[in-house]
Structure formats: structure tokens, C-alpha cells
Amino acid sequence: MSAALDPTRTTAPFDVESIRADFPILHQDINGKPLAYLDNAASSQHPQIVIDSMSHYYERDHANVHRGVHTLSQRATDAFEAARENVRRFINARSTKEVIFVRGTTEAVNLVAASFARPGLRPGDEILISWLEHHANIVPWQLLAGQTGAVLKVIPITPAGEVDFAAFEQLIGPRTKLLALAHVSNALGTIVPVERFIAVARKHGVPVLLDGAQAIPHSKIDVQALGCDFYCFSGHKLCGPTGIGVLYGREAILEAMPPWQGGGDMILSVSFKGTTYNQLPWKFEAGTPDIAGVIGLGTAVQYLEGIGMDRIAAYEHTLLEYATERLTTIPGLRIIGTAPRKAAVISFALEGIHPHDIGTILDVEGVAIRTGHHCAMPVMEFYGVPATARASFAFYNTRAEVDRLVAALLKARDYLT
Ligand code: C6P
């Protein structure tokens, strides 16, 4: 077994330098300065072991899955399904039947909208989301509301960027057919105490979808303990490849849902008299999947397990505290989103400087952050800003990189004001 996948690594002291050594991309200069990659909420980077697993597949095992009796097809199928088991274990789903591979969080939400919500929705029924959502957890519901006459209700947020629980209790009711919530806000970093929301939803018999895109990279996710009905996430924020993600769904619910796309692999038999569908999870995986992507994701979650998600959460928390403390010393800097419980994401504005200019100057200094509306335009509207600058940290970032961020921001401030 590769040292990078060694499960005993979880017992060794957290050694960020040895972790950084796993990530080849981090060791380069950008504009003549060492890269400080602080855009992990957009996409995280890949340890060598993930890259190797995909190269190995392409070099040795590539063939279509679930289709051939020949050796390569069997190897590809075995690797593909082994990755599904890795993901099942990672999120503690009861069965691999509950792990559907999709392109990412966006596709997972759209699948639930089309296949779970749409068939039962009547005019006047309600879907409940919050003001914190990423567009991927807004627009599919707006489309659905337009198609069915259902109403999209939005739970307000507080000035600190928390979802207003009291308002939620007022908004949920007999017409609510689904509660769809971000577990962690990508724009602010707020950790939403979803357990409280789920408990209330249960009392009302309302199913719950969680957008876990920003939660799963930062903490241990146990879908059974959470008690949600759907959990959506993307591989590329989890040290895995782009173009692959997961929809977790409770088996009984998935069984009752019609397929959402038709084609190869999702059927047992097809004739013009009628078609019977495949079992879970394949019923929802029409067409040739992203085999290398699935294999890469399976390796990524194994790698993260080897480090330990609890240790990742603890390390990132100290980094977040350090960064928050350091950033607040910069004159004119305002942190946007000050909830007491946050993942390692900091959105901010610097007085008198457009966020895009901050991003450009930071790039000259080798510091990569994201600027813009972060696909969360209602959040920007709430704070009355067109955009923010956002630094987002991973377990391979260091305090020295936080210092570089602060130094680069001071430089941007001197230069532009
Ligand atoms: N947020 C960010 O920089 P996809 O694109 O399907 O992999 O993930 C969409 C998505 C859904 N929900 C949340 C909470 C997200 O943060 C994202 C992706 C990136 O914040 C790209 S916009």
C-alpha cells in the first residue's frame, strides 16, 4: 500500500509539510513567487496518489464498465465499483445502492429536482431553501417552480450570515414538500447547524436535501447520523477530479423515484413493448460514466481517510482562527460573514478597492484567491456588495501562507489607495 493511503497515518502527528509533499502542484512559482493556493472552495488540488490512480487506469485498465467479459472491462468495472464502496464508507451510507455517481453537486441537485420533486409537485406546493444558497441550489428549484406552479420560499439570514432558525420554523408548513439547504456556505463559510433544521423538518414530514459541496471537504460527514434524505457533493473540492460528484439518497426514496435520464446501463431490458430499469444505483447512471473520475474520487476519499477528517477539521480550524485574527489587523478590511461556526472560508472587502483588483494584485504575489459573486448573488445582494474577495483554506495550507496573504493585501492597499 502507498504511504499516502496508510490508515495508520491518522495516528501520526499532523505534519503539514509531509502532507504538502503529496501535492506536486503546490511546489511551483507563480509570477516569480512561490504559489500560495488559497482558492480551495472553488477547487482543491490533487495528491500524487489520485493522479497516479487515474494514470494507472488509463495506462493499464481502461475499458468500458459493466459491459464486457474481457479482462480490461472487468478490471475497469472492479476499480469503478471499489471506488463506490470507498465513497459509501467515507459518508457512512448504508449501502452502495445509495451512492449515485453524477457530474457534481449541480447535477445531483438537478437530479433530485427532476426525479424526486417534480412528479409530486402541485401548484401552491412549497420548496424551502435559504438565502445562503449557491445558485446550484436555487436555480433548479426556480425552474421547477416555473414548470409546476410550486412556490420557492427563502429562509432569511442574519447579518452575521446565519440561517435564521426562528424564521425557518415560521416558514415550514403543510405545503412544504422539500427543504434544500447548504451545509456550509461557499460565499461566507457559515456552517449551518443542519441537524436542528432536519429535526424540525422530520416533525413536519418534510424530506431534506443537503448541498454538501463545501462541508464534505472540511469535516467528517455521516449521512446516517445527519438523517438527511439526500446529500450532494463534488469530487473536485475533495482532492478528486472535476466532472465527478455524488448524490447520496436513502435507498427507499431512490427506489421509488423514476430514472431521470434514459440510455445504456440504466436498463435491464429494452423492447418496444416496454423497458425495465436496472437496480440501484445504476438506474440513475445512464450512459458511459466518467470512469477515471470515479476512480480518482475513490482514491481521494481513501487518501483523506488516511489523514483523518477530524484532524483535517481541527487543523483547518486553527488556520481559520489565525487568518481571521491576522486579517482583522488590516486597516479598512471587513470580513463578510461572521457566524461563530465557520469552515475555513473568509470573504472580505477592502475599503476603496474592487475585489477583482485585489485578486489581480495577489496573483502577482503568487497568492491565489477567488473574487466575484461566488455563484451566490443573493448573498452579495444581502450585504450590498457586487462581489467579495475570498480566501479558502485546505489542510495543506500553512500559517506562512496566511502571512503571505496578509502581506500581499497590505501591498495591494498601499498600491491602490
Ligand atoms: N462552488 C465556489 O467557488 P459544482 O460546480 O457542481 O461542482 O458545485 C456547485 C456548488 C454547489 N454548492 C456549493 C455550496 C458550491 O460551493 C458549489 C461550487 C464553487 O464556491 C464554484 S462556483
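The largest cavity comes out at about 110 Å³, where a cavity is a set of points on a 1 Å grid over the protein atoms alone at which a 1.4 Å probe fits but cannot get out. Its volume is the space filled by probe spheres set on the points, with points joined across faces, edges and corners. This is a predicted model, so to read it: local features need pLDDT of at least 70, side-chain atom pairs count only at pLDDT 80 or more, and totals for chains, interfaces and linings use all residues. Residues are numbered from 1 along each chain as its sequence is written, and side-chain values use heavy atoms, with hydrogens and water left out.

- Domain 1 (3–47 + 308–412) and domain 2 (52–305) each give at least three residues to the lining, with bounds from an automatic or database domain assignment.

**Ligand shell**
- Around the ligand there are 17 residues (a heavy atom within 4 Å), and Thr106, Asp211, Gln214, His236 and Arg370 are the closest.
- The shell splits into five nonpolar, eight polar and four charged residues.
- At least three shell residues come from each of domain 1 and domain 2.

**Polar contacts (N or O pairs within 3.5 Å)**
- A side-chain N or O atom of Asn186 is 2.8 Å from a ligand oxygen.
- His134 has a side-chain N or O atom 3.4 Å from a ligand nitrogen.
- For Thr105, a backbone N or O atom lies 3.4 Å from a ligand oxygen.

Conventions: Polar contact = N/O pair within 3.5 Å; in protein donor to acceptor, adjacent residues only side chain to side chain. Nonpolar A, V, L, I, M, F, W, Y, C, P; charged D, E, K, R; others polar. 1 Å grid on protein atoms, 1.4 Å probe; cavity = no way out; pocket = protein on both sides within 12 Å on 5 of 7 lines; lining within 4 Å.
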